[in-house]
There are 2 protein chains.
Amino acid sequence: MIAIATSADGAQIQDIAARAGVFNAEEVACVSLLWDEYLTQGPVVSGYQFVVEREGERVLGWACYGPRALTTGVFDLYWIAVAPEARRAGVGRRLLEASEAAACAAGGRMLVAETSGTPQYQATRQFYLGTGYAGEATIRDFYRPGDDLVIFIKRFQD
Amino acid sequence: MIAIATSADGAQIQDIAARAGVFNAEEVACVSLLWDEYLTQGPVVSGYQFVVEREGERVLGWACYGPRALTTGVFDLYWIAVAPEARRAGVGRRLLEASEAAACAAGGRMLVAETSGTPQYQATRQFYLGTGYAGEATIRDFYRPGDDLVIFIKRFQD
């Protein structure tokens with residue numbers, strides 16, 4: 001079941017980020033920072049909304065999205081991560097659809113997902129392409145030399 | 001003279017942002033937020049470095065840049081603004097060069113300047129193109145419908 005994340009989900013969210021296999025230490029630490037801001041300030045002030053898919057008490061995956069400052073109607077998908085043992089069951093797709101629906105309901109015109117161009121992220125890029133996103137831009141060597149930024153966007157109103 | 005901005009520059013920085021003629025109320029408010037973080041937390045923790053060009057006590061223009069999280073060597077030029085009465089005297093170019101030099105000295109590989117594709121920002125885009133930047137990507141209707149995001153980049157090491 002997709003639900004708004006609550007404080008009880010924090011440890012499992014962190015754990016899934018660490019076990020996802022594609023995020024480095026700095027990125028996992030960043031999840032912790034965003035989560036703390038979300039918990040202490042709430043989604044409106046922090047700009048971060050966390051959602052989870054739960055099965056009983058167990059978190060299978062989570063996503064974090066929020067509005068892009070200084071735009072009208074752009075939402076960023078900051079993170080989406082599924083526990084390795086819960087993959088290939090549509091968890092990521094449901095989290096993505098829930099994020100899109102919430103962004104759309106909040107007046108969003110598009111959801112932007114930035115990811116890496118490395119082979120390690122091939123499955124991630126295929127995931128976005130398979131769910132209606134277009135790779136609208138690539139910035140060469142962005143994350144580090146040899147690691148491009150690829151900007152995937154789904155537009156809701158075209 | 002280009003210098004690191006100090007608290008005494010705050011009022012003039014705000015004033016120049018408001019009088020620049022291209023920033024809306026939300027953007028001017030954002031300058032205030034970034035400035036407060038810079039003053040209270042310092043450039044390293046806040047991630048924002050403000051520089052000014054001064055003539056005596058008078059601030060002619062200012063820029064704000066900082067490292068992009070989760071990248072190695074990407075710096076963002078968040079803002080650059082010159083007082084209307086001080087234009088066409090190379091202030092913007094000197095502020096840009098100082099920002100590039102500082103980013104480069106801090107291990108930066110590129111400086112990224114995001115701007116708008118509207119006619120109002122034509123001079124800004126020409127400024128970047130005339131100072132060695134390339135328009136590497138355009139995201140249609142990003143800021144709002146009809147207002148594209150254009151990503152200009154200068155790479156230091158190519």
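Reader: Which residue of S2(B) does Ala3(B) stand opposite?

Author: Ala3(B) stands opposite Val52(B). Bear in mind that this is a predicted model: local features need pLDDT of at least 70, side-chain atom pairs count only at pLDDT 80 or more, and totals for chains, interfaces and linings use all residues. Residues are numbered from 1 along each chain as written, while chains are lettered from A and ligands numbered from 1 in written order.

Reader: What makes S1(B) and S2(B) a pair?

Author: Strands pair if DSSP finds at least two bridges between them. S1(B) and S2(B), the latter spanning residues 49-55, have three, running antiparallel, so they qualify as a pair.

Reader: Where do these strands sit in the sheet of chain B, and in what order do its strands come?

Author: The order is S1-S2-S3-S4-S5-S7-S6, seven strands in an open sheet with mixed pairing.

Reader: What makes S1(B) and S6(B) edge strands?

Author: S1 (2-4) and S6 (134-144) of chain B each pair on one side only.

Reader: And how is S6(B) joined to S7(B)?

Author: By six bridges in the antiparallel sense. One of the pairings puts Ala134(B) with Ile153(B) in S7(B). The two strands make a hairpin with two residues between them, and Gly146(B) in that turn has a positive phi of about 90°.

Reader: How many helices and strands does chain A have?

Author: Four helices and seven strands, counted as DSSP runs numbered from the N terminus: helices are H or I of at least four residues, strands E of at least two. Along the sequence, chain A reads β-α-α-β-β-β-α-β-α-β-β.

Reader: What makes you say that strand S3 of chain A is mostly covered?

Author: Nine of the ten residues in S3(A), residues 58-67, are buried. A residue is buried with 20 or more other C-beta atoms within 10 Å of its own, exposed with 12 or fewer, and partly exposed in between, with C-beta atoms placed from the backbone. Over the whole of chain A, buried residues make up 39% of the 158.

Reader: Why is Glu55(B) called exposed?

Author: Glu55(B) has 11 C-beta neighbours inside 10 Å, so it counts as exposed. This residue belongs to strand S2 of chain B. Between Glu55(B) and Ser32(B) there are 23 Å from C-alpha to C-alpha, and they are 23 residues apart in sequence.

Reader: Back to S3(A). How many bridges does S3(A) share with S2(A), and how many with S4(A)?

Author: S2(A), residues 49-55, pairs antiparallel with S3(A) over seven bridges. S4(A), residues 74-82, is also antiparallel to S3(A), joined by seven bridges. On the S4(A) side, Ala63(A) stands opposite Ile80(A).

Reader: Which residues in the two turns have a positive phi?

Author: In the S2(A)-S3(A) hairpin, with two residues between the strands, Gly56(A) has a positive phi of about 65°. In the S3(A)-S4(A) hairpin, with six residues between the strands, Leu70(A) has one of about 70°.

Reader: How do you know how the two chains are related?

Author: A rotation of 180° with 0.0 Å of shift along its axis puts chain B on chain A, at an RMSD of 0.0 Å. That is the relation of a two-fold axis. Ala137(B) comes closest to the axis among the residues of chain B, with its C-alpha at 2.9 Å. The same surface serves both copies, since 100% of the contact residues of chain B recur in chain A.

Reader: What counts as a contact here, and how many residues of each chain take part?

Author: Two residues are in contact if their C-beta atoms, placed from the backbone, lie within 7 Å. On that basis, 15 residues of chain B touch 15 of chain A. Helix H2 (25-46) and S6 of chain B are the elements giving two or more residues to that side of chain B, and S6(B) gives the largest share, six residues.

Reader: How do the residues on that side of chain B divide by type?

Author: Into nine nonpolar, two polar and four charged. Here Ala, Val, Leu, Ile, Met, Phe, Trp, Tyr, Cys and Pro count as nonpolar, Asp, Glu, Lys and Arg as charged, and the others, Gly among them, as polar.

Reader: And within chain A, what share of contacts joins residues at least 24 apart?

Author: Among contacts between residues at least 6 apart in sequence, 53%.

Conventions
Copies are superposed by least squares on the C-alpha atoms of residues with pLDDT of at least 70 in both.
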